[in-house]
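Here are my notes on the disulfides and the strands around them. Please read them with the structure open.

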Amino acid sequence: MNSLRLLVATALCAWLTLPSQSLAQCTSPLDLNASLAASQSAEASINLTGALTTFTVNLNWSDQGVGSWPADMLISVFGPDDNCVGWGGYSYGVTNGCVDLGSGTGETWPGSWTTSASGFYTFTIDASEWGLTGAGDWTVEIENAYTSSPGVTYDAEFVFDGPCAGDCP
């Protein structure tokens, strides 16, 4: 009888904890620092497992001359299966086959990003409809998409909400 109670209690505990584990949500930062001339790009990757729900860009930005904006940054986010989305840029937009969420002339970025003032900029976007999911390397590529730019410095942190480092808990 005690063995049966123990078995039932164990099964009940496993059943109650399974849903919360399958819906694990993590917050994983990825840093990328780059000084980019016009049309130059840089990328960074992080190994994660799961589905992306929100994506945040925290950016310390500075212009190396006159005329560039933080919104000139063209960004692409790639899931482990190489499905991707992109937005931003000024002189040109998404050209790498990613789903275009609004690119060219600084679209999608907040209006406060269309300035030449050096400083800290942040933006969070709902990523739940992007369909980016999987296990492996998630890559962020940024590009200075203002063809007249004298150069800019990006000190960026990208925050992935949803997928977890390594195997999901």
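Predicted model: local features only at pLDDT ≥ 70, side-chain atom pairs only at ≥ 80, totals over all residues.

1. Cys164 is buried, with a relative accessible area of 1%. The cut-off for buried is under 20%.

2. Cys26 and Cys164 are joined by a disulfide, S to S 2.0 Å. The bond links distant parts of the chain, 138 residues apart. Cys26 lies in strand β1 (residues 26-36), and Cys164 in strand β10 (residues 164-165). The torsion about the S-S bond is about 85°, so this disulfide is right-handed.

3. The structure holds two disulfides. Cys84 and Cys98 form a disulfide too, with sulfur atoms 2.0 Å apart. Here the S-S torsion is about -105°, so the disulfide is left-handed. Cys84 sits in strand β5 and Cys98 in the loop between β5 and β6, 14 residues apart. Both Cys84 and Cys98 are buried.

4. Which pairing do the bonded cysteines follow in sequence order? Numbered that way along the chain, they pair 1-4, 2-3.

5. Strand β5 covers residues 84-88, and five of its five residues are buried. On one side of the pairing list is β4 (residues 73-78), antiparallel to β5 over five bridges. Leu74 stands opposite Gly88 in β5. The two strands form a hairpin with five residues between them. Asp82 in that turn has a positive phi of about 70°.

6. Strand β6 (residues 99-103) runs parallel to β5, joined by three bridges. Gly86 has Asp100 in β6 as its bridge partner.

Methods:
Residues numbered from 1 in each chain as written. Heavy atoms only, no water. Buried < 20%, exposed > 50% of the residue type's maximum accessible area, 1.4 Å probe, protein only. Helix = DSSP H or I, 4+ residues; strand = E, 2+ residues; numbered from the N terminus. Pairing = 2+ DSSP bridges. Disulfide = S-S within 2.5 Å.
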